[in-house]
Amino acid sequence: MLRLRGVSQLLWRAFPFRPYSCASLIIQLENCTSEEQVFDLIEGNAATLTEQQVGRAFSVLWQFQKQKANAEKNTECVRNHPQFLTLCKVATNRAQALTDDALVGVLYSVKQFAVEAHHPLVEALVTEGWKRLERALSVLMVSISSLTSHCFQEQLMNKTELLFDTVDSSQVNTARRIVLFLRNVKRSYYPLLEKCNKVFISNMDHLDLESISRILSLYHSLQFHSFTFIEVARRRLAEMIPSSAHPLSFVRLFAALGPMAGPEIKKQLKSTMLLMSEDLTSQQALTVVGAMENMESRNSHLIKKVASVLQRHLESYKSIELLKIAQALTALHFHSKELFVKLRDLLLSRLEASITPSEISILVSALSLLPFPYLNEAVASRVEAVLPQCDFKELSDLVASLMRWVQSDQACLASTARNQLNLLHKLDHWGHHRLRQSSSLDLLWEELKALKGEWLHESFVEESVSALQRFVDEIDHTNAAKIASFLSKTNYLSALLLDRIASVVVQQIEKIHPFSILAIILPFSVMNYDPPQKDAFFGACVQCINSYLGTLDPVTLVFLGFSLAILQYFPEDLLKKMFNIHFLARLDSQLEILPSSLSTRVQFRLMELNRAVCLECPELQVPWFHDRFCQRQYSRDIGVMNGAQQQIYKMLVEVLGGHRCVKAAALSPYYHTVDFECILDKQKTPLPYGSHSVTPGKSLGIHWEPNPSGVDPALPPEAERIALEFLDVRAFCSNIPHLKGQSTMKKRHLEILGYRVIQVPSFEWNSMALSTKDARMGYLREHVFGAGKS
């Protein structure tokens with residue numbers, strides 16, 4: 001008997017008895033009516049669970065959760081159940097045996113139950129997914145994107161980049177899934193994006209409307225701009241206009257093509273949309289009004305038609321969609337008291353019922369955009385109640401909304417003003433609280449990237465920079481561009497952070513993509529700062545740019561060239577690339593698809609770069625071709641003075657001896673605007689304007705050359721032209737009286753043009769020492785007639 005018992009135990013270990021077959025246990029799992037029944041089956045069969053049964057158990061548990069109302073869901077209770085932990089342990093041990101579908105299914109289930117990314121099961125599943133990357137690359141990436149840690153994301157992107165060359169160039173879906181993965185993990189990894197972009201461009205003739213729309217949406221989310229993709233997509237979408245007669249397809253085409261189309265195509269799209277506007281569904285109308293916002297449409301008839309559809313369906317929209325409607329109608333300058341009253345009442349009713357910070361933030365943002373501000377005690381108390389639960393993005397959005405209320409409601413009651421002020425103080429408190437909680441640079445960046453607008457400049461700039469300085473050693477090639485971009489927004493000069501960024505670039509330039517160089521250079525340019533490794537740093541940046549000149553789009557090159565010019569760097573290869581007819585033609589076609597504000601900004605930067613090259617690098621023989629542009633831009637503004645300038649002008653008239661001896665808001669050659677200008681002869685006697693005046697259009701041009709002696713040839717011998725500039729706080733860094741880059745460049749240019757430049761800081765002019773008229777008159781006499789302080 002003892003022998004038989006020993007044999008029996010041996011057989012039990014070698015061939016464990018399974019009370020149910022694999023199929024029958026799966027059927028039992030599917031027939032369960034509660035989580036407890038599933039857990040009972042797991043407990044009774046833990047030692048014999050197969051891979052298929054494990055996958056089915058996770059799936060059934062999640063199905064029960066999906067069937068529950070939001071208030072009844074309790075994923076934490078399920079996640080902490082002993083048998084759920086048993087199931088996770090079994091799945092961890094069997095990860096290698098799971099089929100691809102089962103692996104993806106289990107990953108999806110543990111994601112829904114909010115299992116931590118560092119849980120052993122997640123680590124095992126992601127590691128197994130990593131091994132199978134070559135077999136199911138893009139599908140796995142999308143499936144595991146929300147469960148990967150920052151380190152895993154880096155490894156995935158590097159591995160995928162290495163494997164990409166083995167991907168068939170016609171595999172558009174694979175490339176699209178990779179871009180989707182990058183969007184999911186919020187990483188604009190340029191090497192992969194470029195490779196995917198090439199696949200899309202080479203297959204554009206085979207892409208349908210839906211595919212192009214999805215790619216454009218993904219690029220927008222990642223803030224990835226490809227002018228070449230836009231060019232070929234615009235051509236391909238224009239070809240689809242005749243075949244897109246159905247409202248569903250035409251609305252999608254309108255949204256994809258409209259913002260990038262030229263004037264004639266835009267007109268055609270709007271005319272067709274007007275004919276079918278009455279038949280739009282609620283979602284189609286939402287899509288159309290969003291596209292019209294992007295198109296900066298001024299077609300009032302079409303806007304009115306679409307708005308009427310939106311109004312009919314207003315109550316069916318989600319809160320985030322109501323915010324989009326408010327943003328679009330405000331941007332389109334649409335006015336309808338009836339619609340806005342209905343929208344306001346709907347937003348307020350939802351706000352009263354909402355308990356989640358994200359939705360409250362959305363509803364308050366939408367309310368603040370309406371033409372009549374509305375911040376009552378009920379709204380304020382609802383916001384105040386959720387502040388401890390808000391993340392930084394929600395806090396920042398709430399502050400932006402409150403600022404809009406403050407600015408638009410000038411005649412508010414004293415009680416309302418107190419509500420606004422109290423709420424702002426509490427928002428500040430919780431914002432500072434979240435900043436101090438960050439324990440790493442990655443966590444801090446997640447908070448800081450949401451900072452924007454006045455809140456950043458008024459309340460958080462110093463503490464934000466201080467927080468970044470605590471983690472200065474964590475700045476590397478992966479985050480240097482992000483930190484630099486943030487510093488550009490702050491206008492706060494931190495030598496510690498900028499020196500670290502420069503050091504990273506010098507040491508790791510081969511790991512930094514050229515698309516990141518503009519963001520990296522920008523704070524140095526804006527704040528006029530040279531790091532200790534100045535030559536090595538800027539040399540590395542220029543070398544990186546030169547190696548990629550054929551790929552960088554025209555707009556990026558304009559901003560790069562201008563930023564470097566402020567820093568007195570004029571790379572010859574870059575300038576030769578830019579100042580030729582082919583480049584300027586490409587730039588013109590790109591400006592057509594940009595928002596008007598950005599297009600104007602690009603044109604100004606090109607003009608300023610053209611001016612800088614003509615003045616500072618005449619040996620490059622770059623022609624000046626911005627006369628007509630400047631005359632259009634400046635003709636309306638010259639000679640207009642505000643109250644403070646009028647007071648200074650009167651003093652200068654008194655000091656210099658008459659109105660004919662001083663010019664206000666004068667134009668220099670090459671169209672720099674000078675606050676006040678005068679001419680002194682060699683005895684420091686003011687000369688009246690007349691034959692000595694400068695006419696910008698006549699003294700400029702391709703062949704204009706500054707006099708090497710620094711004296712305008714139109715002036716009498718030894719006479720000098722003086723430019724008196726009054727600099728407001730915007731000309732300086734916010735934390736120290738350090739002159740910013742553009743003001744320094746302007747001074748440089750005026751000196752090349754023969755001016756003696758006197759720059760007067762506004763804080764010095766308004767100081768106690770110059771609080772009286774006599775003191776200010778003395779200051780002007782000393783600086784104008786004396787040697788002067790720059």
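User: Where does Arg730 lie in this model?

Analyst: Arg730 lies in a loop. The loop runs between β3 (720–727) and α38 (741–752). Keep in mind that this is a predicted model.

User: Is Arg730 buried or exposed?

Analyst: Look at relative accessibility. Exposed means over 50%. Arg730 has 64%, so it counts as exposed.

User: How far apart are Arg730 and Lys740, in sequence and in space?

Analyst: They are 10 residues apart in sequence. In space, the distance is 8.4 Å, C-alpha to C-alpha.

User: Let me step back to the whole chain. What does its secondary structure come to?

Analyst: It comes to 40 helices and 4 strands. The chain has 790 residues, and 50% of them count as buried.

User: What share of contacts comes from residues 24 or more positions apart?

Analyst: Take the contacts in the chain with a separation of 6 or more. Residues 24 or more positions apart account for 74% of them.

User: Now a charged residue. Where is Arg776, and is it buried or exposed?

Analyst: Arg776 sits in helix α40, residues 773–785. Arg776 is buried.

User: Which side chain of opposite charge is nearest to Arg776, and how far away is it?

Analyst: That is Asp774, 11 Å away. A salt bridge needs the charged atoms within 4 Å. Arg776 has no salt bridge.

User: Which side chain makes a polar contact with the side chain of Arg776?

Analyst: Asn766 does, at 3.2 Å. Arg776 also touches Met651, Trp765 and Leu770, among others, leaving aside residues up to four places away in sequence.

User: Where is Ala665 found, and is it buried or exposed?

Analyst: Ala665 is found in strand β1, residues 663–667. Buried means under 20% relative accessible area. Ala665 has 13%, so it is buried.

User: What is phi of Tyr671, and where is this residue found?

Analyst: Phi of Tyr671 is positive, about 65 degrees, although Tyr671 is not a glycine. Tyr671 is found in the loop between β1 and β2 (673–680). With a relative accessible area of 2%, Tyr671 is buried.

Key: Residues are numbered from 1 along each chain as its sequence is written. This is a predicted model: local features need pLDDT of at least 70, side-chain atom pairs count only at pLDDT 80 or more; totals for chains, interfaces and linings use all residues. Side-chain values use heavy atoms; hydrogens and water are left out. Helices (H or I, at least four residues) and strands (E, at least two) are DSSP runs, numbered from the N terminus. Buried means under 20% relative accessible area, exposed over 50%, partly exposed in between (1.4 Å probe, protein chains only). Contact means heavy atoms within 4.5 Å. Lys and Arg count as positive and Asp and Glu as negative; His and the chain ends are not counted. A polar contact is a pair of N or O atoms within 3.5 Å; within protein, one must be able to donate a hydrogen and the other to accept it, and residues adjacent in sequence count only if both atoms are side-chain atoms.
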